[in-house]
Amino acid sequence: MPGSHAQLPVNMTTLGLIGSGRIGSTVARLAVDAGFDVVLSNSRGPETLEGLCAELGPQAQAAHGEECAAAGDLVLVSVPVRAYPSLPAAALAGKTVLDTGNYYVQRDGQIAALDTRSLTESEYLARHIPAARVAKVFNNIFFRHLQNLARPADAPDRTYLPVAADHNGAKISVVAFLDSIGYGAVDDGSLADSWRQESGTPVYGTPYGEFENEKGTPASADVIRAALAAATRM
């Protein structure tokens, strides 16, 4: 896997976001702080994001989901799993897509392929956007911890996040993006392996501390590797 100081391609300057909730807006803030332009969308329309864009400053603008997909050099998808069939698959073709999703039956309803575990959550997403290059990332960390645990590359208490992807180029881009916003990465293998970072696994939330402690607890690469290794699939 690429090291923690991977270089983003020089033309990768815009992050598109389909979904601008807690994780989406937090990643947007970190991206703006790192010098990225961000184009945000949600299910309620661009006008509902005016306040967030004003907070983020001139590097942020709101648009519709298809426009965000087209504009982004990287595109973060942070929507309920039940919404995957409505994603703009054509606009996402050829894009590296950062999948933050988690399947929650109480919110998403029953999805047979996930209930039987014939697909991981990210494989299920990839079925709906088959020409995109999906990478699983950001799904296992509380949004407050994500905001507060960012550190420079040389910080001794840098925190790491797991990343899974089938496409090596996508993984390289995601690792470099993480590095730019203050995080290291641990390789979680392919999308088929990404169950090890789904909800309920040892790497989900726990390594970064209790939710009540919004500052969070830094989690080293070794801590994340050990948590991934401890995962079991029923």
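Predicted model: local features only at pLDDT ≥ 70, side-chain atom pairs only at ≥ 80, totals over all residues.
Let's start with helix 10, residues 221–229. Which residues of helix 10 are buried? They are A221, I224, A227 and L228. Seen down the helix axis, these buried residues fall within an arc of 130 degrees, so they line one face of helix 10. An α-helix has 3.6 residues a turn, so residues three or four places apart point the same way. Now turn to the other side of helix 10. There, D222 and A229 are exposed. And what do the buried residues pack against? Strand 7, residues 160–165, and strand 8.

Next, P202. This proline sits in the loop between strand 8, residues 184–187, and helix 10. Its relative accessible area is 33%, so P202 is partly exposed. Look at what P202 touches. Leaving out residues up to four places away in sequence, the contacts are P207, A227, A230 and A231. One of those, A227, is also one of the buried residues of helix 10. P202 and L228 are 26 residues apart in sequence, yet their C-alpha atoms are 6.8 Å apart in space.

Now the aromatics. How many aromatic pairs does the structure hold? Four. I'll show two. Take F142 and F143 to begin with. Their ring centres are 5.1 Å apart and their planes are at 75 degrees, so this pair is edge-to-face. Then F142 and F211. Here the centres are 4.3 Å apart and the planes are at 15 degrees, so this pair is stacked.

Where do these two partners come from? F142 lies in the loop between strand 6, residues 133–136, and helix 8, residues 143–148. F211 lies in the loop between strand 8 and helix 10. So the pair ties together parts that are 69 residues apart in sequence. F142, F143 and F211 form one aromatic cluster.

F211 is partly exposed, at 46%.

Last stop, S25. This serine is in helix 1, residues 22–33. S25 has a relative accessible area of 10%; the cut-off for buried is under 20%, so S25 counts as buried. Its side chain reaches the backbone oxygen of G21 at 2.6 Å. Beyond residues up to four places away in sequence, S25 touches S20 and L52.

That's the tour.

Methods:
Residues numbered from 1 in each chain as written. Heavy atoms only, no water. Helix = DSSP H or I, 4+ residues; strand = E, 2+ residues; numbered from the N terminus. Buried < 20%, exposed > 50% of the residue type's maximum accessible area, 1.4 Å probe, protein only. Contact = heavy atoms within 4.5 Å. Polar contact = N/O pair within 3.5 Å; in protein donor to acceptor, adjacent residues only side chain to side chain. Arc of directions from axis to C-beta. Phe/Tyr/Trp six-rings, centres within 6.5 Å; stacked < 30°, edge-to-face > 60°.
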